[in-house]
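Student: Hi! Could you walk me through this one with me looking at the model?
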Amino acid sequence: MPINKASLLVLESFVRQRGAKGEKKLRVIFLGPPGSGKGTQASCLSEKFGIPQISTGDILREAVTNKTGLGIKAKEYMNKGELVPDEVIIGIIRDRVVQTDCENGFILDGFPRTVVQAESFDEMTKEKNIPVDVVLSLDVSEELVVRRLCGRMVCKECGNNYHTEFNLPKKKGICSRCEGKLYHRPDDEEDVVRQRLKVYKETTEPLVDYYRQKGLLSVINGEDEISNIFNQLVNVLEGVREN
Ligand code: AP5
């Protein structure tokens, strides 16, 4: 049977939304205060669903380590617990979400963080026809976040997160995943953590309502155990995939 243009367009749109195997793509945004567990969960979900974790914090930290122009500029803001300017971050995301590994979706960890970033991302997703499927928001109290961040250890090589009390590596100071050395982030000192929380409250928290109004928000208690939170998040994402 010959295929007409209209059927081809419908097929194209289906493949864009679902992938060649008919599986729905997953485009996910993670919201939550610093230390709520976004990175920990995004990394596990990325492995489980086979889609990349895009962490703006990791991208910036890599640039800082490599002393690139971006890194030199970003370091000043990051070490003070302030946000890097919107136009810099928007440019990074614009280039990243169109890379081939994002064809089946992505998990945004740490973006957007301002209304300007969210609005700009809305335009981007419309223009590129890559709609966001769900926004996951991890709910954690301020005091727990401070405790978590002050004890966090991060792998220099693969970026995996540990905690001196809640999430120990198998060998002290060594990453259980890749044997890399663990370090304490300079912005995890208590005074910087408090400043990051202040910035979160003023600038990023309004995005919870922004996405609630769009009907995309799913709020999860981030104070539970890592594995329980992971199971809940998997349920949410599997539900999104089935619909
Ligand atoms: P970024 O790296 O994104 O930092 P953040 O958002 O402040 O988030 P964190 O990485 O601190 O925490 P998390 O929620 O990922 O928690 P984690 O899983 O590690 O950004 C850093 C900086 O870059 C910003 O301050 C800003 O300057 C700049 N930046 C980045 N994106 C930007 C943007 N879009 N616009 C402008 N500037 C931007 O967990 C924390 C600890 O708790 C770990 O030790 C972990 O093992 C432990 N833990 C996690 N879950 C649990 C649990 N359930 N129970 C017990 N312990 C847990």
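Student: Which helices and strands each supply at least two residues of the shell around the ligand?
Tutor: Helix H2 (38-49), helix H3 (56-65), helix H4 (69-80), helix H7 (142-150), strand E6 (161-163) and helix H10 (226-242) each do. Helices here are DSSP runs of H or I with at least four residues, strands are runs of E with at least two, and both are numbered from the N terminus. Keep in mind that this is a predicted model, where local features need pLDDT of at least 70, side-chain atom pairs count only at pLDDT 80 or more, and totals for chains, interfaces and linings use all residues. Residues are numbered from 1 along each chain as its sequence is written.

Student: And which residues come nearest to the ligand?
Tutor: Of the 35 residues around the ligand, those are Pro34, Gly37, Gly39, Gly57 and Gly110. A residue counts as near if its C-beta atom, placed from the backbone, lies within 6 Å of the molecule.

Student: What's the shell like by class?
Tutor: It has 13 nonpolar, 14 polar and 8 charged residues. Nonpolar covers Ala, Val, Leu, Ile, Met, Phe, Trp, Tyr, Cys and Pro, charged covers Asp, Glu, Lys and Arg, and the others, Gly among them, are polar.

Student: Switching to the sheet: what is the strand order?
Tutor: The 3 strands form an open sheet in the order E6-E5-E7, with antiparallel pairing. Two strands pair if DSSP finds at least two bridges between them. E6 and strand E7 (182-183) are the edge strands, each pairing on one side only.

Student: How many bridges join E5 to E6?
Tutor: There are 3 bridges between strand E5 (residues 152-155) and E6. Arg152 is in strand E5, and its bridge partner in E6 is His163.

Student: Is Arg152 buried or exposed?
Tutor: Arg152 is buried, because 23 other C-beta atoms lie within 10 Å. The cut-offs are 20 or more other C-beta atoms within 10 Å of its own for buried, 12 or fewer for exposed, and partly exposed in between, with C-beta atoms placed from the backbone.

Student: What is Arg152 in contact with, beyond its neighbours within four places in sequence?
Tutor: Asn161, His163, Arg185 and Asp188. Contact means C-beta atoms, placed from the backbone, within 7 Å. Arg152 and Tyr183 are 31 residues apart in sequence and 8.5 Å apart in space, C-alpha to C-alpha.

Student: Zooming out, how many helices and strands are in the protein?
Tutor: There are 10 helices and 8 strands. Buried residues make up 30% of the 243 residues.

Terms used:
Contact = placed C-beta atoms within 7 Å.
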